[in-house]
Amino acid sequence: MSPEQELVSEVAAGIFLVRVPLPFALKIINCYVIREAGRWALVDCGYPTEEGVQAVRAGLRALGGSPRDLEAIFVTHHHPDHIGLAGLLQEESGAPVLLHALTRRIAETVMVTPDERWHRAYATMLRQHGVPEEEATWSVDEFINRRRIIRPLLEARAVQDGEVVELAGSTFRAVWTPGHADGHLCLLRESDGVLLSGDHLLPKITPNVSLFPEFRPDPLRDFLASLQKIAALPVTLGLPSHGRPFPQVHERIAALQRHHDARLARILEALNGQACTASEVSRRVFGELDSMDNRRFAVGEVLSHLEYLRAEGRVVRESSQGVYRYRAVAGGA
Ligand SMILES: [Zn+2]
Ligand SMILES: [Zn+2]
């Protein structure tokens, strides 16, 4: 096999997986090419590095096409490994980018705006939750730096929950699955139960569910409801954005539900009758993490769980001198 052929594989009828390298720990994002009777579409785009662009081009070339052939580009959510190359590929192909309206709004707010208003709000939020200054600054700079490499979209078409989406002649149903990202969309091909699951359902990794300013206020509740939404669908095969295609979608949903139940219990236990910041809770639950990235994910994850518990009335949030502390409600189940 040539290297180009190894890069792509047909994972369902007319759907081809292209492995695109990422410059961070996840290493690979799966982009999916949909090809039918000379028509082409792409689901998720990869991160804007030279290696990433080359991999997308090589994947299309191995299938006999090029970016110019794309008639549609679908983006599952706003994270840079998914939306990153959409602007560039759109410039080459003239194809519309299809995404949820929230994905577009968040991508613009976080990644393409020259205004740092949201970034300042994020830094403030992190400090309020007890995150050390160095860590808060680093986290916000991460977002600011991305603005240099992500190109804005020329034309975007908003896709709503439940909408029928035609991609290269193949018909999919869009399923809005907020949680990992507010605007996350999965695509179900109802004719054979193939689900392009984005980052909502991954076979090995638990998708990060974090709290951010100005976004949906209870992302863990969203995520768990989105799991149940998929559980009710006749899915036969999951095509995830990271990891291998997996048929055991319903088992995976049950495992993720159990994972979050256990984490909620662990966080309540970590509070241990005291009033703690989210940053303190994250250190108790995850220990001292070596990378800034992991610390940022850990605090975000703890916050989404604490806010879920707060909405349930199982913890309360107290504010003193600009710092929030959470405390378990005595006798709370
Ligand atoms: Zn993601
Ligand atoms: Zn991803």
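Helices H10 and H11 sit roughly perpendicular to each other in this predicted model, because their angle of about 105° falls in the 65 to 115 degree range that counts as perpendicular. Their axes are 9 Å apart. On the H10 side, the residues that meet H11 are Ala-278, Ser-279, Val-281, Ser-282, Val-285 and Phe-286, and they touch Ala-298, Val-299, Val-302, Leu-303 and Leu-306 of H11. Sort that contact by class and you get nine nonpolar residues, two polar ones and no charged ones.

Now look at H6 and H7. Their axes come within 9 Å and cross at roughly 155°, which makes H6 roughly antiparallel to H7. The crossing is right-handed. H6 brings His-119, Tyr-122, Ala-123, Leu-126 and Arg-127 to the contact, while H7 brings Ala-136, Thr-137, Ser-139, Val-140, Phe-143 and Ile-144. By class, that's seven nonpolar, three polar and one charged.

Here are the two pairs side by side:

| Helix pair | Residues | Angle | Axes |
|---|---|---|---|
| H10 and H11 | 278–286 and 292–311 | about 105° | 9 Å apart |
| H6 and H7 | 117–128 and 133–146 | roughly 155° | within 9 Å |

On to the strands. Five of them form an open sheet with mixed pairing, in the order E8-E9-E10-E11-E12. E8 (164–167) and E12 (237–240) stand at the edges with a single partner strand each, so one side of each has no neighbour in the sheet. From one strand to the next, the twist averages 30°.

Zoom in on E10 (residues 185–189) and E11 (residues 194–198): they run antiparallel and are joined by three bridges. Leu-187 has Leu-196 in E11 as its bridge partner.

Note on methods. Residues are numbered from 1 along each chain as its sequence is written. Chains are lettered from A and ligands numbered from 1 in the order in which they are written. This is a predicted model: local features need pLDDT of at least 70, side-chain atom pairs count only at pLDDT 80 or more; totals for chains, interfaces and linings use all residues. Axes are lines fitted to C-alpha atoms, for helices over the stretch in contact, and angles run from 0 to 180 degrees between N-to-C directions. Helices (H or I, at least four residues) and strands (E, at least two) are DSSP runs, numbered from the N terminus. Angles under 35 degrees count as roughly parallel, over 145 as roughly antiparallel, 65 to 115 as roughly perpendicular and the rest as oblique. A crossing is left-handed if the near helix is turned anticlockwise from the far one by less than a right angle, and right-handed if clockwise. Two residues are in contact if their C-beta atoms, placed from the backbone, lie within 7 Å. Ala, Val, Leu, Ile, Met, Phe, Trp, Tyr, Cys and Pro count as nonpolar, Asp, Glu, Lys and Arg as charged, and the others, Gly among them, as polar. Two strands pair if DSSP finds at least two bridges between them.
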